[in-house]
Each structure stands twice: as C-alpha cells, then as structure tokens.
Amino acid sequence: MLVEGLFYLFATILVASAIGLIVARNPVYSALLLVLCFFTSASIWLLIEAEFLAVVLVLVYVGAVMVLFLFVVMMLDINVEEMRRGFTRYAWVGWLTAFVVIVQIVGLVAARRLGVDVTQGMVPLPADYSNTAHLGRVLYTEYLYPFELAAILLLVAIIGAISLTMRRRRASRSKMWPGKSPPCVTSACGW
Amino acid sequence: METGFNMANIARAMPEMYLAGAICFVLLVDVFFGEKRRGLTPTLTLLVLAVGAALTLLYANLPGREFLFHGQYVSDPLAVMLKLFGFLVAAIGLLYSRDYLQRRDMNRGEYYVLVLTALLGVFVIVSANSLLTVYIGVELLALSVYAIVAFDRQSGIAAEAAMKYFVLGAMASGVLLYGMSMIYGLTGTLALDELAQMASGTPSLGVTFGLVFIVVAVAFKFGAAPFHMWLPDVYHGAPTAVTTFISTVPQIAYFALAFRLLSFGMSGVAEYWQDMLAIVAVLSLVLGNLVAIAQTNMKRMLAYSTIGNVGFILLGFVAGNLQGHEAALYYTVAYVIMALGSFGVVLLLSRTGFEADELDHFRGLHARDPLAAAVMAILMFSTAGIPPFVGFWAKFNILQALWLDGHVALIIVAAAVSIIGLFYYLRVVKLMYFDAPDGLPAAQSGQGGVRLTLALNALAVVALASCQTCCCSLWRGLSASVSHRLNGSHFPPSSFILVGSVAGWSSLAARRAHNPKVVGSNPTPATNFPGISLGRLLLLPRSSISVPRSLRAFAAVDRYDGPRYECGLRTQ
C-alpha cells in the first residue's frame, strides 16, 4: 500500500515535470526539470528494487550529463525563437512517436488483462539480495576482460576527440568557421 | 568461487596486457616529453612493438588451445601467429610512414597512440571467444581508425573520408550488434565455443535472421562488394600513411573476425553462411577487378584491388574445409605483405606537397628510382598472381580448396577475374618501365632504412612463395581448430588447375605479343631492364592509362573528381 502510494506520488511528479520540461520557455528551467525527471525515475526504480540502476541514473545522468547540459545551455547564447521555428512542422513526427509508444504500453497492460501474464515465472528475490553486489561481482570476475577493454575504448574516444578538435593554430579555426566557435565534434558524433 | 585465471595461464594474455600498459606508457611519455623531442614517440612506439613481439614469443607462445577470463578469451597458436604478424606489420607500416608524417605535420604522439590502440583492437578480435569481446574489439579498432583517417586536419578530403567511414562504420557496428543480440537471445550464450554447439542443424528463423546481420557486418568490415562503398573513398581520402595502416593491420583482424565468428562460433550452420559469403565473394571479385581498371589514382586502384582480393579471402571461407581456411589465412598474410609494400612505395615517392598517388606519377619510375620501381614491379606481379611470387600461391591454394569442395563455378569466376586483374596491375609495371619520366621528380636521397625494408618486403614476397609448402604444413598445425569439420580428403588433381591457369595466362600474353598493332604502336624500347623480354611478352597498349573502350562504362561507375565536401558539409 505504501509502495503503491509512493509510486503514484513519484509518477505524478515525473509526468508533471516531463510536461513542464517541454513547455518551459527558458531552456535552463527545462534542464532543471529534466533533472527532476531523472530523480523521480530513480525513485521509481528503487521501488522495484533496481537500486543499482537508480544510483547509476542519479550519478551518471544527474551528476555528469545534466551538469554538462546545463553548462552548455548557459554558455551558449541560444535563440529560443529560432529553435522553435521548426517545432510545428515536425510536430506530426512527435505525435506519431507518442501514438506508437501509447499503443505499446496499452498493449502490454491489456495483455495482462487478457490473461497473458508477461511477469509469469518471475520470482521476487530474497530481501537480502543486493543486485549492486551481484553486478559488481560479475563485472570484476566473469566480465573483467570486456570491462577493462571498455575502459580502454573510452580512453581511445577521449584521445581521438582531443586530437581531432584541439587546434594549436588559431588562424585555421577562424578560416573554417568564420565568426563562430567550432562545433563540438565529441557530442556531434555521439562519442 | 572460481576466479577464472591463475598466474600460470594468465601469461597467455601477455600481448593484450602488455599492449594496454604500453599504450598508457607511450601516452604519458608523449605528454611530458613529446613536444620537446619530436622523434621520441615514434622511436618509442617501434621499441614497444619489438618488445611486444618478444614478450609474445616468450610467454604466450604455448601449444594447444586454452580459454581464459571465464571463457571470454581464447589463446591458441593461430592467435599467437596473427599477433606476432600484427606487431611486425604495424612496425613496418610505421617505419614507412614516419617521413610522410613528419612532412605533413602529422607526427604527433596521438597518431602513434591511436595506432597502438587499433593494434590492441586487432588482438582482442584475434583472441575473442565471446560475442561481447568480438564487439568490443571491433569498436576499439574502428574508433582508433576513424580518428587517424581524419588526423590530417588541413585536408578536406580526409575529413570527408573519415565522416563517411564513421557514419557507415557506425551503422555496420549496429548491424553486427543487432545480429549478435538475436543470436544471444535465441541461444542464450555469448561464448563462441558454446554457440558452436547451440546453433546447429537447421537454424530457426531468428537465428537465420541474426546470421544474415552478422554476415553483412563481416562483409562490411572486409569491404566486400555490396558493402564496399566506403572503402575506395577512405583509402583515397585518408593520408597515405593511414591508408598503409588500414589496408594492412585491420585485415588480420577481419580474417580473425570471420574465422572466430563464422567458422568457429557459427560452424553448426556453416552451409547457410557459406552460401551468403559465396555471393558476396563473387560480387567483390567481379566488381573489384573491373572497376579497378577505370581508376587513374594509385590509392583508389589499390582500394579496388583490395575489394577483389577480399573476394578471394572470402572464397577460402566458402570452401569451408581445412584447406579453405588455411588458404584464406595464407592469402591474408600474403595480401597484407603485398599491400604493405605497395603503399610503402607510394609513401617513399611522396614529397612535400606532392602525394605521388596518381598512376601518372609512376611514369618512368625505373629511370628515376630503380629500386622503388623494382619493388613495385615485384609487388604488382605478385598481387596479379603471376607464378613465381607469393600472390600466385595464395590464389592457387584458394582454388585448390574450392576444387576439393567441388565449387567449379566459383573456380571459373575466380580464374577469369584474375586474368582481367592482370591488366591494371601490369599497367603500373608498363608505366614504370616503358614510359618516359616527363619531368617528374627524381629519387630523393636518404631514407636508407626505409629502402632496405622495402627491398626486404619485396624479397619476402619471393621467399614466402618458395617456402610455400613448409609454411602450409606449419599453418595446418596452427589452424587445427577447424579440424573437427574436416573429413579426410585426399590430395587433389592440382596439376590440372596449375596447367589450366598457366595456359590461360600464357595464351593471354601470347595474344598480346602477337597483336602487331599493339607491339608496333609502342616505340619505347628504352630501358635496359634485364627482364625486358618478359615485359615484352606482356606488353600493354601504348597510351598509358588507356582503358579498353568496352570497359569505359566502368569509368562511370566510379571516378573521383577531387574533394567535393569539406568537413562533411557541401561547400559549393
């Protein structure tokens, strides 16, 4: 009962902040509302005992990604009107996506109604089970080798991004992108 | 609880562990001392590669096959051999490109670090025994290579090449991952050795689906025909030093990728992917060899030649027997050595502001730089598959394996396109020996070490061919892994193929020689090249980069008209 009450509380906050994120005029407010979204999602994950995911969501997304977002939003002089110009033109894509997602969610819920229980066979784990400990143990034993390699992969991404974007000579920069700062290769390429 | 490794068998992972440490070491040394002493990082990198090869020989070179790191990693003699070869090829490639990098202000420490990380990616693929490890290795290699393709920031065409490579490569990675996730979802295992047992017999629809995606991704990485679009642009657009690297070291990894993923992990459903690979191989053979004729740029021509050669390597996998895999391995090694030398010559000839990558730049090379011309001639003869050189034996082994498996149609296609391929390889030889230099720059002095290495590289092409039989028996032991799929097969009527191909070549040569128009219209007796009689036999039409009229259509298929894009954006 308590868990259900908490779920509805967090879900309401989540939906409200998600709507606020879209409608807010100030991009800084939008970014802060997205942080709120992440926090409430993390709380909901805690309710379904996915504590590792919840912690990682807060640490990585709130702690690193969103801080970076906020920096960028505050540093760059974004023309909000210009950003909104294409909004109505591409609105149908958004509606279409929303429609598909809604159909999927309804389908998932309805399947349970119709007697197809997708959660069948899932057993709740014992109370003293910690998936953080389990993940940590697996990550550093069974998956040690790929884990270390993934770390090197990140190192390569850093070296590559820096060697491609860092310019020692300033003249070439102004020639390539007159009057503007160079685009951020790192984020553009999704590294 | 089982820990997965102990100190005794962890030594088998020495190459990867050492290289990972060495990358950090080189990076740190470059950060602190690289600015002041420009030559330090290149020398250190060569030293790192030499020590790595020595450590691999000392610690990892153990018989038998063993799984490490909870089955994520496999160590066998094939892996050790490919890693040693990787160290060697990377070192020679860096030696060739050192001067080039210096002249183009690309001699920064990051280049060497990225080359080492790419090599680590190659090693990871070579020793992978899990879909996860394969994927991480592919990404490690690909990310490093994207970065070094775009390394020359003054060059718009390099940026374009890198952008194309990155976008298409990211898509291929996605395709690979999608296929892997399907296979994993349906078999419930990531380990390739378990997968070999799980996925066997008639595959379900889902497994077939995943298999198609994996084959597409492997073909993309190889640059095989319907998925070859990126390859000519990247080879042409990248700085020649980078082209030298990406046409050699990653090829080792792609062989291993196909071997570990398909021949090993998917051995249970081999006949399904072999049919797919056969189509890809034939398309690559035909397209690579025909479109190469229409090229006027050396790097681009060699790129299409790569596509053709990849077709041959894939044919080895199509044959599917032990001979086929051996032949594919032999072909990969031979091809890497030949590509290394060919691009090495292009690197040697380039000057500041002069790339030396057009076919026209090779006119009269014999008069200007006899050594470079001789090396290039040997490599071109070898790549074309002319008998005394290693390229012939590589092709011959593939055809032999196909014969054993009964693919007569594939043999005919492969032999036919080899003969077509003679045209553009020998055109280079003709340009070098029978055309006037026309005021092209003379050989520059210095670079003695590079010249010596190039000469050794060309000699290796001859030497490898002469010890072909002993190498083959050596590799037979090495690639014992596929032996479970081998059913005892007797020695083939190989003389039939030998006689057939020699007859084909000689009839073509004779037709050329007896065509009075061709010989008569060539008034350049010119050089005192000792092998001139052989050259005369294989004489080609006069106008240097002439394309037979019937083949002009292929010029329209692909002709690069200089940089059209800058930094991925259309400029005009």
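A pocket here is an open set of grid points where a 1.4 Å probe fits, with protein on both sides within 12 Å along at least five of seven lines. The model is predicted. Its second largest pocket holds about 410 Å³ of space.

**The pocket**

The second largest pocket is lined by 23 residues. Closest to its centre are Phe85(B), Leu88(B), Val89(B), Ile92(B) and Ile337(B). By class, the lining has 21 nonpolar residues, 2 polar and no charged. Four helices of chain B, H2 (40-60), H3 (77-103), H14 (322-349) and H19 (448-466), each supply at least two lining residues. H3(B) gives the largest share, 9 residues.

**The interface**

Chain A and chain B also touch. On the chain A side, 26 residues are in contact with 36 residues of chain B. About 2800 Å² is buried between the two chains, and carbon and sulfur atoms give 74% of that area. Between chain A and chain B there are 0 salt bridges. Polar contacts join 2 residue pairs across the two chains, counting pairs with both residues at pLDDT 80 or more. Helix H7 (residues 144-165) of chain A supplies 15 residues, the largest share of the side that touches chain B. That side of chain A divides into 17 nonpolar, 4 polar and 5 charged residues.

Definitions and conventions:
Residues numbered from 1 in each chain as written. Chains lettered and ligands numbered in written order. Predicted model: local features only at pLDDT ≥ 70, side-chain atom pairs only at ≥ 80, totals over all residues. Heavy atoms only, no water. 1 Å grid on protein atoms, 1.4 Å probe; cavity = no way out; pocket = protein on both sides within 12 Å on 5 of 7 lines; lining within 4 Å. Points joined across faces, edges and corners; volume = space filled by probe spheres on them. Nonpolar A, V, L, I, M, F, W, Y, C, P; charged D, E, K, R; others polar. Contact = heavy atoms within 4.5 Å. Buried area = accessible area lost by both parts, 1.4 Å probe. Salt bridge = Lys/Arg side-chain N within 4 Å of Asp/Glu carboxyl O. Polar contact = N/O pair within 3.5 Å; in protein donor to acceptor, adjacent residues only side chain to side chain.
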